[in-house]
Amino acid sequence: MAWDKKDLLGLEYLSAGEILTVLDTARSFSEVSTRSIKKVPALRGKTVVNLFYEASTRTRASFELAEKRLSADIVNMNVATSSVTKGETLLDTVKNLCAYQIDVIVIRHAMSGAPMYLARNVESSIVNAGDGTHEHPTQALLDMYTLREKLGDLRGRKVAIVGDIAHSRVARSNIWGLTKLGARVTVVGPPTLIPREIEQMGVEVSYDLEAALKDADAVNMLRIQREREKLSLFPSLREYAKLFGLSKDKMAGLPAGIIVMHPGPINRGVELSASVADGPNSVILEQVTNSLAVRMAVLFLVTGGTSLHPEHLSA
Amino acid sequence: MTTVIRNGHLLDPAQRLDGLGWLHLRDGVIAGSGLGQPPAGIAADDTIDATGLLVSPGFIDLHCHLREPGEESKESIESGCRAAVAGGFTSVCCMPNTTPPIDHAAIVKLIHLEAQRVNLANVFPIGTVSRNREGKELADIGELVKAGVVGVSDDGNPVTDAGLMRCVLEYTRMFGIPVIDHCEDPMLSNFGVMNEGVHSTRLGLRGIPTACEDVMISRDLILAGYTGGRVHIAHVSTALGVRMIRDAKARGVRVTCEATPHHLTLTDAALGDYDTNFKMNPPLRSEADRVALIEGLADGTIDAIATDHAPHSATGKDVEFDQAANGIIGLETALPVVYTKLVQEHKLSLARMVELLTSGPARVLGTQAKGTLEPGADADIVLWDASSTWIIDATAFRSKSRNTPFNGWAVQGKAVRTIVAGETKHKA
């Protein structure tokens, strides 16, 4: 399917066909990172700015590596030393960057909707690397890429997303993407962490982890933010781990081949015990590896790449 | 100075007047009125031919923000009054969240002086409940009433202290003025930026539950019933709120309330692309809430349509959604939006709409002199065209601000001539 979108703001705004286009394009790029010279010219001459208003290690490293392996010129904006501290607005900051004829801005921001706000106001492509509690589309794309590698077609597959759904952009992007590709999604967590009326997004809700996973093909264990404990959204991490963490004992009652995912970074002993995180069902490091190919595909497509030619991938 | 308005369709719900007729104005007061043609003997300095137009009492807005003193870059008494008369409003009640707030008689005097200088619409200031709107100790309400405030409110800030709310409801009984409350329990709204529901879930924006408004409305109704004070619920937005007010009225509680044109015509589904012109507090609610508000208009539970005209500059609105200021302007869009979306679509009768903009708010203010075309009433009149279609264009507003969700709407209903105390203050 042809790609005609300037930006990647969220999976709500993509069709199933467009999602599959990204995933299929990613498969073609995945081989690049296995070469001894890990570089192709697909984005040669293009400029990408990584504008991170929130702390990030893996997403930022992954984007940066993806850009470098595509031969883009890149600038990393360190927010601590940027104009934000001088009171400049987000839009002014980005308009100033765009005055350098930037092709792509990869942005992470603490406020939901910030990437869409920018996309309406500037000509450069905006790639959402996580906005508030709204969407984290490239994370969901790499989760789906990983699932497709393991399960093939996702139609009719059952995926559970467990944890702080209310505050999770990963959950929202996965819900949009998975339901568009025909998977059945159940969100699991304490009622205080399940946002209101989420059933209307086409998912089932469960407060019972083991019941929800009984017939699941995969489970995505979200990171729990330690601050939530203080807001009385749940009494303690200890109780959370007992009710919603995956331990070796609980795994014993689940389908043998269930795929365990986590967007990272893991709170070991809370969402996942060490034995599950490092165990045979875990695909956590494969998710990280796949993130490169998925982000290369996204950057390629938003900069106008429609179909992949051999010269894009030549060394 | 005498004027005769003839050939217009008089529509004055206060007198159940509905038909082609005439009005005779003398020295700022309505001297006579009737159906058909004026009697031959009436002499007038000026004759206005209102053929094809509706002639109603001038509209009264119980809730607007004129921003003066303190934030004149967003609006001033002059620009706000220009917007008012352009929208058919002859009287506006301005909220006290100015800088400094209207918590002292001197500020009331300043607003009156400037309104007199501007000489467009009648401006009725609302004083604060508490000193500096801090919700701690009562403002000098007696002095404020003497200076001319028509109600008290800490608008924008709810009165969170139930003890203070009890005191102000009791204290104001001797003045007969309403205590106007912005009902919100801040512990429940918890820095929310839009209605809590599937759309806040989808957009990942922090939700403001209907419960935060309902809990406070319920408290206010209990306290008004207990003290015998008068409470006016500002911009009610929830279905349960309307139901509780209906029940309280039936029990004899002295409660009135208002709803805004935007809560009556829009829902939280409109926030799809984080457009900050749809951000206000209380937020746009669900369709079920909107339908309940319209029922409340029709059955008399809701007493008035009020704009909550809240001007903001682009600096306050052209930012990330979380950071954007709350509020939209409404004086120049209230009539066309309500007429087009409620009356034209048969949700509300034309007479009831006019009542909600005229005698309804006049009753809340306790005035007999306004909100009607009865002889002896002030000659505050709007001549308006219900038939021709026009496009709302924010760039053409008289208001200094442009923050409206209705820009570009094709609407019907436009004030053609607005008369205040017998003098024409706006002519389209």
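Residues are numbered from 1 along each chain as its sequence is written, and chains are lettered from A and ligands numbered from 1 in the order in which they are written. Because the model is predicted, local features need pLDDT of at least 70 and side-chain atom pairs count only at pLDDT 80 or more, while totals for chains, interfaces and linings use all residues.

Chain A first. An open sheet here has four strands in the order E2-E1-E3-E4, with parallel pairing; strands are DSSP runs of E with at least two residues, helices are runs of H or I with at least four, and both are numbered from the N terminus. Two strands pair if DSSP finds at least two bridges between them. Strand E2 (73-78) and strand E4 (125-131) of chain A sit at the edges with a single partner strand each, so one side of each has no neighbour in the sheet. On average, neighbouring strands of this sheet are turned by 15° against each other, direction ignored. Strand E1 (residues 47-52) and strand E3 (residues 104-109) of chain A run parallel and are joined by five bridges, with Phe52(A) partnered by Arg108(A) in E3(A). Helix H2 (residues 58-69) of chain A packs on this sheet and touches E1, E2, E3 and E4 of chain A, its direction making about 175° with that of E1(A). Such angles run from 0 to 180 degrees between N-to-C directions, and axes are lines fitted to C-alpha atoms, for helices over the stretch in contact.

Now for helix on helix. Two packed helices are described by the angle between their axes and the distance between the axes. In chain A, helix H1 (residues 16-30) packs against helix H5 (residues 137-151) at about 70°, with the axes 10 Å apart. That makes H1(A) roughly perpendicular to H5(A), given that 65 to 115 degrees counts as roughly perpendicular, under 35 as roughly parallel, over 145 as roughly antiparallel and the rest as oblique. Val22(A), Leu23(A) and Ala26(A) of H1(A) meet Leu141(A), Met144(A), Tyr145(A) and Arg148(A) of H5(A); contact here means C-beta atoms, placed from the backbone, within 7 Å. By class, this contact of H1(A) with H5(A) has six nonpolar, no polar and one charged residues. Ala, Val, Leu, Ile, Met, Phe, Trp, Tyr, Cys and Pro count as nonpolar, Asp, Glu, Lys and Arg as charged, and the others, Gly among them, as polar.

Chain B has a helix pair too. Helix H7 (residues 210-227) and helix H8 (residues 239-250) of chain B pack at about 10°, with axes 9 Å apart, and are therefore roughly parallel to each other. The residues in contact include Ile217(B) and Leu221(B) of H7(B) and Met244(B) and Ile245(B) of H8(B). By class, the contact of H7(B) with H8(B) has six nonpolar, four polar and two charged residues.

Back to strands, this time in chain B. Strand E1 (residues 2-12) of chain B is mostly covered, with eight of its eleven residues buried; a residue is buried if 20 or more other C-beta atoms, placed from the backbone, lie within 10 Å of its own, exposed if 12 or fewer, and partly exposed in between. Nine bridges join E1(B) to the antiparallel strand E2 (residues 17-26) of chain B, with Leu20(B) as the bridge partner of His9(B). E1(B) and E2(B) form a hairpin with four residues between them, and Arg16(B) in the turn has a positive phi of about 50°. E1(B) also runs parallel to strand E4 (residues 46-49) of chain B, through four bridges, and to strand E5 (residues 54-57) of chain B, through two bridges. In E5(B), Val55(B) stands opposite Leu10(B).

In strand E14 (residues 255-259) of chain B, five of five residues are buried. Val255(B), Cys257(B) and Ala259(B) cover one side and Thr256(B) and Glu258(B) the other, all of them buried. 

Where the two chains meet, the contact takes 19 residues from chain A and 15 residues from chain B. The largest share of the chain A side, three residues, comes from H4(A).

The peptide bond from Thr99(B) to Pro100(B) is cis, with omega near 0°, and Pro100(B) lies in the loop between strand E7 (89-94) and helix H2 (105-118) of chain B. Arg67(B), not a glycine, has a positive phi of about 70°, and counts as buried with 26 C-beta neighbours inside 10 Å. His346(B), also not a glycine, has a positive phi of about 60°, but counts as exposed with 7 C-beta neighbours inside 10 Å.
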